[in-house]
Amino acid sequence: SKLALALSIVNGDISASAAIAWSKIATSGAVVNADVSSSAAITPDKLSGPLFSYYRNSSSNNVTGNGTVYTCLFDTAVISNANYNTSTGIFTAPAAGKYLFVGKVGVASGSSGGTQGEVNVVTTGRSYRHDGNPYGNRHIASGVMSIPFAIIASMAQNDTAKVTLTVTGDGSDIADFIGGAFSDFAGWRVG
């Protein structure tokens, strides 16, 4: 999947545009063999609140690796919004609509066994899965792999969304959730 995003804030005015293209995605969010392609464009006139953007300031060590599901907490605001709770990692939709969620999760696997990394955007209605190999596809110098995600979810008022990380194959929870430039979460209502 591909995501192009432009966001600017000038004197408190927010303008954004994004283009998302995806292929081989079934309605369940699972990758399938048949090609299904679509695209969506978000223009400034479609941008509506709330807008939030957070990143993880520091790393959390030994949080997964043996199949443990870890809820990612993005604790530092780029654009703060009361609908995102930094203590729980949960965004609560203040109004019904379609929400665009984008970001990435940095992971460092503790061993060569940690070959299955899974990032899920979990909403009240469903889960959107993104996979990666945190050991085999890591950046050589840093030892970190960022698994990107971009989804559009239909949400009712008070529905929630959070990001989870699961690594399997390490034998124990020795994989780390990496902060700084490797992990962030942003979202806004687009319709």
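The dialogue below walks through charged side chains in a predicted model.

Biologist: What should I keep in mind about numbering and confidence before reading this model?

Modeller: Residues are numbered from 1 along each chain as its sequence is written, and because the model is predicted, local features need pLDDT of at least 70 and side-chain atom pairs count only at pLDDT 80 or more, while totals for chains, interfaces and linings use all residues. Side-chain values use heavy atoms, with hydrogens and water left out.

Biologist: How many salt bridges does a search of the whole structure find?

Modeller: A salt bridge is a side-chain nitrogen of Lys or Arg within 4 Å of a carboxyl oxygen of Asp or Glu, and by that rule the search of the whole structure finds 4. In one of them the side chains of Asp-75 and Arg-56 meet, with N to O at 3.6 Å. Asp-75 lies in the loop between β6 (69-71) and β7 (76-79) and Arg-56 in the loop between β4 (48-55) and β5 (60-64), so this pair ties together parts that are 19 residues apart in sequence. Strands here are DSSP runs of E, at least two residues long, numbered from the N terminus.

Biologist: Is Arg-56 buried or exposed?

Modeller: Buried means under 20% relative accessible area, exposed means over 50%, and partly exposed lies in between, with a 1.4 Å probe and protein chains only. Arg-56, at 10% relative accessibility, counts as buried, whereas Asp-75, at 32%, counts as partly exposed.

Biologist: Which residues do salt bridges with shared partners join into one network?

Modeller: Glu-118 forms a salt bridge with Arg-129, the closest N and O atoms being 3.3 Å apart. Glu-118 lies in strand β11 (residues 116-123) and Arg-129 in strand β12 (residues 127-132), so the pair ties together parts that are 11 residues apart in sequence. The side chain of Arg-129 also meets that of Asp-131 in a salt bridge, at 2.8 Å from N to O, and the shared partners join Glu-118, Arg-129 and Asp-131 into one network.

Biologist: What is the nearest side chain of opposite charge to Asp-176?

Modeller: For charge, Lys and Arg count as positive and Asp and Glu as negative, whereas His and the chain ends are not counted. Asp-176, in strand β15 (residues 175-178), is buried yet has no salt bridge, and its nearest side chain of opposite charge, Arg-56, is 11 Å away. A polar atom of the Asp-176 side chain does lie 2.8 Å from the backbone nitrogen of Asn-62.

Conventions:
Helix = DSSP H or I, 4+ residues; strand = E, 2+ residues; numbered from the N terminus. Polar contact = N/O pair within 3.5 Å; in protein donor to acceptor, adjacent residues only side chain to side chain.
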